[in-house]
Amino acid sequence: MNSDELLRTFRSESPPPDEATTQRVYNRATTGRPPRVTRRRLALALVLVAVTGTGFGVSALMREGSRSVSLGGFEPGITTLGVNPFGADGKLVTFQQLVAEKASHGYDIPIPDSPLANSHNIGSIWENPATGEEAVVYYPSSGIELVYCGSCGVDYTGFPADQIETIHGIRALVFPAGGPYIFAAVLFPIPAAGLVTLLGPGPVSDLVSVARTLRINP
Amino acid sequence: MGRSFEAAFEAEFAPLHRYLARRLGQSVADELAAETFAVACRNWDRLDPARPVRPWLYGIAANLVRHHWRKERRMLRAYARTGVDPVFAEDDEAVERTDADTRVRELAAALAELRRDEREILLLNAWAELTDSEIADALGLPLGTVKSRLHRTRERLRNQLEEVGQEAVEAK
């Protein structure tokens, strides 16, 4: 038996799902059961910076007017992309609705135009109407998520040069997957939009390439 | 007439579940297949009617499988080391079964050491039976990248297994 045949037959005795499993999965898929992961991903993205920065004596900051507030304790990393991160507060919206909603809060949402993330391959968009500040856009074909937070910012102090990438003249923090965070992440603070966090299962270079396609207004 | 989610579920659930079970065992397959179809159902109305459903579903599943790649690697290594496949360990009859075939165990070892993206492409091809272009669609990769990685990965597996076979012959 050659290696291709060996591979094809490897675990081929694995049985098909039974009727009960099939019915259970179908019911779960079609009844809109809430996703398993409902924690607020946005806070986690920022906590990532706090945790990563600890060794350098820095922290991520969330701005409240002119006041800076350090983020709180550490939570376990996000394990799933593409699900509603806001729990019961989450609301599915279209991209047009998102842009309009953010504009009403004074934010100009930058739109990526990359093969990995563009206006034609958007999957789901969740918004947190409770705050009006946070939204997540998921691109299922690449697994990438863009997390928008209007009132969030980043303190770069102490981060080594290899964790900072300049994109459109703005310094972004880049984290390959498998560090303090399961996914690759790019934290990209944009003046008109707040903080845009890109998360994805692929290499961090994918996220940087997507970030470079964001159309940014001054 | 538009495609229905029900028809897609009926056609794709069993093969997708079996593919996931071969990779990670029945219970994880239950969970990931359920999550895959839940995501698909939520996004069904947004799916481009011109886009084939199958690669889209496997693309969603691939994103979920990625979070289990360390577990998959551990299971493959355990199989290579012990001859007992953890994928079947939930099955009481299979738990005692050992596979004495050195080549199968070496295959498990070789699969364990592949990079995540290499393993993904190889198994989508060999177990899910997706074509190169379907894999490219599922993973959002250029077709040329899929072809070259698949070719390279198969070549590596072949060489590794040949080396093992050679060593076995020399040892006799």
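Two residues are taken to be in contact here if their C-beta atoms, placed from the backbone, lie within 7 Å. The legends below describe a predicted model.

**Figure 1. The contact between chain A and chain B in the predicted model.** On the side of chain B that touches chain A, at least two residues each come from α1 (5–24), α2 (26–42), α3 (53–65), α5 (102–113) and α8 (143–171) of chain B. Of the contributions to this side of chain B, that of α2(B) is the most, at 8 residues. Sorted by class, the residues on the side of chain B that touches chain A comprise 17 nonpolar, 6 polar and 10 charged. For the complex, the predictor reports an ipTM of 0.85 together with a pTM of 0.54.

**Figure 2. The open sheet of chain A and the helix that packs on it.** The sheet is open and built from 8 strands of chain A, which follow one another in the order β3-β4-β5-β6-β11-β10-β9-β8 with antiparallel pairing. Its edge strands are β3 (91–92) and β8 (164–167) of chain A, each of which pairs on one side only. Helix α5 (residues 204–211) of chain A packs on this sheet, where α5(A) touches β6 (144–149), β8, β9, β10 (184–190) and β11 (194–200) of chain A. The direction of α5(A) makes about 25° with that of β10(A).

**Figure 3. The hairpin of β8 and β9 in chain A.** Strand β9 (residues 170–175) of chain A pairs with β8(A) in the antiparallel sense, and the pairing extends over 4 bridges.

**Figure 4. The packing of α1 against α2 in chain B.** The axes of α1(B) and α2(B) are 8 Å apart, and the two helices pack at an angle of about 145°, with α1(B) passing α2(B) in a right-handed crossing. From α1(B), the contact is made by Phe5(B), Phe9(B), Phe13(B), Leu16(B), His17(B), Leu20(B), Ala21(B) and Leu24(B). From α2(B), the residues that take part are Gln26(B), Val28(B), Ala29(B), Leu32(B), Ala33(B), Thr36(B), Phe37(B) and Cys41(B). The contact of α1(B) with α2(B) is made up of 13 nonpolar and 3 polar residues, with no charged residues.

**Figure 5. The packing of α2 against α3 in chain B.** The axes of α2(B) and α3(B) come within 9 Å and cross at roughly 130°, which means that α2(B) is oblique to α3(B). The crossing of these two helices is right-handed. On α2(B), the residues Leu32(B), Glu35(B), Thr36(B), Val39(B) and Ala40(B) meet Leu57(B), Ile60(B), Ala61(B), Leu64(B) and Val65(B) of α3(B). By class, the contact of α2(B) with α3(B) contains 8 nonpolar, 1 polar and 1 charged residues.

**Figure 6. The packing of α6 against α7 in chain B.** Helix α6 (residues 116–126) and helix α7 (residues 132–139) of chain B pack at an angle of about 135°, and their axes lie 10 Å apart; α6(B) is therefore oblique to α7(B). The crossing in which α6(B) passes α7(B) is right-handed. Glu120(B), Ile121(B), Leu124(B) and Asn125(B) of α6(B) make the contact with Ile135(B), Ala138(B) and Leu139(B) of α7(B). The residues of this contact divide into 5 nonpolar, 1 polar and 1 charged.

**Figure 7. Confidence along chain A and chain B.** Chain A has an average pLDDT of 72, with 68% of the residues scoring at least 70, and chain B has a mean pLDDT of 84, with 87% of its residues reaching 70 or more. In chain A, confidence is lowest in strand β2 (residues 67–70), at a mean of 27, and highest in α5(A), at 94. In chain B, confidence is lowest in α8(B), at a mean of 81, and highest in α1(B), at 94. Over residues 33–77 of chain A, pLDDT stays under 50, and the model has 86 contacts beyond four places in sequence for this stretch. In chain B, pLDDT stays under 50 over residues 92–96, for which the model has 2 contacts beyond four places in sequence.

Key:
Residues are numbered from 1 along each chain as its sequence is written. Chains are lettered from A and ligands numbered from 1 in the order in which they are written. This is a predicted model: local features need pLDDT of at least 70, side-chain atom pairs count only at pLDDT 80 or more; totals for chains, interfaces and linings use all residues. Two strands pair if DSSP finds at least two bridges between them. Axes are lines fitted to C-alpha atoms, for helices over the stretch in contact, and angles run from 0 to 180 degrees between N-to-C directions. Ala, Val, Leu, Ile, Met, Phe, Trp, Tyr, Cys and Pro count as nonpolar, Asp, Glu, Lys and Arg as charged, and the others, Gly among them, as polar. Angles under 35 degrees count as roughly parallel, over 145 as roughly antiparallel, 65 to 115 as roughly perpendicular and the rest as oblique. A crossing is left-handed if the near helix is turned anticlockwise from the far one by less than a right angle, and right-handed if clockwise. pLDDT is the predictor's confidence in each residue, from 0 to 100.
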